[in-house]
Amino acid sequence: MDYTLLIVAVTLAAGVLWGLDRWVWAPERLASLGPHARRPRWLDYTAGLFPILLLVLAFRSFVFEPFRIPSGSMMPTLVPGDFVLVNKFVYGLRLPLLNLKIVRAKEPARGDVIVFRYPVNPRLDYIKRVVGLPGDEVVYLDKRLVINGERQPLSRLPASRAGEGTKESWQQLRLENLDGRRHRIVLDPRLSPEVRPVPGMSAGQDCRYSRRGIVCRVPEGHYFVLGDNRDYSQDSRYWGFVPEKNIVGRAFLVWANFSNMKRVGRIP
């Protein structure tokens with residue numbers, strides 16, 4: 001369900017009723033019933049909620065929005081059941097539904113965890129980590145990441161520190177360093193590094209695929225993203241780049257996980 005569309009529609013309907021009541025119906029009630037005329041109850045529950053709905057819409061559209069993590073593609077950073085807050089003004093303000101940027105701010109940085117509209121189906125929201133910026137050459141061969149000719153540092157971590165969802169003995173936990181920003185990733189040595197693009201959604205001339213992985217040149221206005229659970233993430237390796245216009249905001253805080261409240265307060 002497109003919750004933004006639903007909230008906009010409900011707010012618009014309540015706003016129309018609020019305007020009619022304020023400038024048409026209220027004066028008629030005052031003229032016929034006098035100063036003690038009361039607004040009908042049905043208007044209290046529709047037009048009366050307009051200011052609250054407008055505030056919620058503005059807050060959700062321009063400030064923060066909650067998202068629930070539905071899959072394990074970002075483990076161990078984020079796990080299924082995490083509710084994260086997304087900063088929607090850090091990259092600039094956009095009009096709801098139209099997604100038109102009206103105020104510019106900073107651009108996504110390498111290592112940011114972002115929420116974006118899935119390019120294959122923009123009605124779905126995805127969350128991944130920014131790896132490649134516009135103009136970058138991103139190489140992911142044999143499960144090693146190289147950006148603009150520089151291999152990104154990757155160090156081994158003890159299996160006991162794998163965290164949620166990574167307890168199987170065959171999983172390998174690594175600490176990756178992207179421009180000084182460190183985060184954990186999970187690798188599955190049993191799986192091949194070969195990448196098979198989504199039919200009809202490959203990155204075309206900007207990427208080369210092989211049994212060892214993928215080599216891409218990120219076009220202007222786009223970003224290359226990966227999941228931290230590298231071998232179990234459908235990301236830019238499979239369906240291409242994230243257009244800047246699809247970016248919703250940056251995830252910055254786990255505010256709830258009702259099956260594991262110890263995760264509250266974690267920063268992606």
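In which loop does Arg230 lie? Arg230 is located in the loop between β15 and α4 (236-239); helices (H or I, at least four residues) and strands (E, at least two) are DSSP runs, numbered from the N terminus. The model is a predicted one, in which local features need pLDDT of at least 70 and side-chain atom pairs count only at pLDDT 80 or more, while totals for chains, interfaces and linings use all residues. Residues are numbered from 1 along each chain as its sequence is written, and side-chain values use heavy atoms, with hydrogens and water left out.

Arg230 is buried, its relative accessible area being 0%. Here buried means under 20% relative accessible area, exposed over 50%, and partly exposed in between (1.4 Å probe, protein chains only). Leaving aside residues up to four places away in sequence, Arg230 touches Tyr140, Glu176, His183, Ile185, Val186, Leu187 and Arg237, where contact means heavy atoms within 4.5 Å.

Gln152 is placed in the loop between β9 (150-151) and β10 (154-156) and is buried at 7% relative accessibility. Its contacts, again not counting residues up to four places away in sequence, are Arg144, Leu145, Ile147, Asn177, Leu178 and Asp179. The C-alpha atoms of Gln152 and Arg129 are separated by 14 Å, the two residues being 23 residues apart along the chain.

**Salt bridges**

Side chains of opposite charge can pair when their charged atoms come close. With a salt bridge taken as a side-chain nitrogen of Lys or Arg within 4 Å of a carboxyl oxygen of Asp or Glu, a search of the whole structure finds 18. Three of these pairs are tabulated below.

| Salt bridge | N to O distance |
|---|---|
| Arg60 with Glu65 | 2.7 Å |
| Arg94 with Glu244 | 2.7 Å |
| Arg190 with Asp188 | 3.1 Å |

Arg94 is buried, at 12% relative accessible area. Arg60 and Glu65 are both buried. In the remaining pair, Arg190 is exposed at 53% relative accessibility, whereas Asp188 is buried at 1%.

**Nonpolar packing and surface**

A nonpolar core is a set of buried Ala, Val, Leu, Ile, Met, Phe, Trp, Tyr and Cys residues joined through side-chain atoms within 4.5 Å. The largest such core has 15 residues, of which Val131, Leu145 and Phe224 touch the most other members. At least two residues of this core come from each of β7 (137-141), β8 (144-147), β12 (181-187), β14 (213-217) and β15 (222-226). A second, separate core has 14 residues, among them Val90, Ile114, Tyr118 and Val130. The contacts of Phe224, beyond residues up to four places away in sequence, include Val130, Val131, Cys216 and Phe241.

Leu5 is in helix α1 (residues 3-33) and is partly exposed, with a relative accessible area of 45%.

**Annotated segment**

UniProt, in an unreviewed entry, places the feature "transmembrane region" at residues 43-64; its positions follow the numbering used here, feature names are shortened, and annotations may be inferred rather than shown by experiment. In the model, residues 43-64 are 68% helix and 5% strand, with the end C-alpha atoms 29 Å apart.
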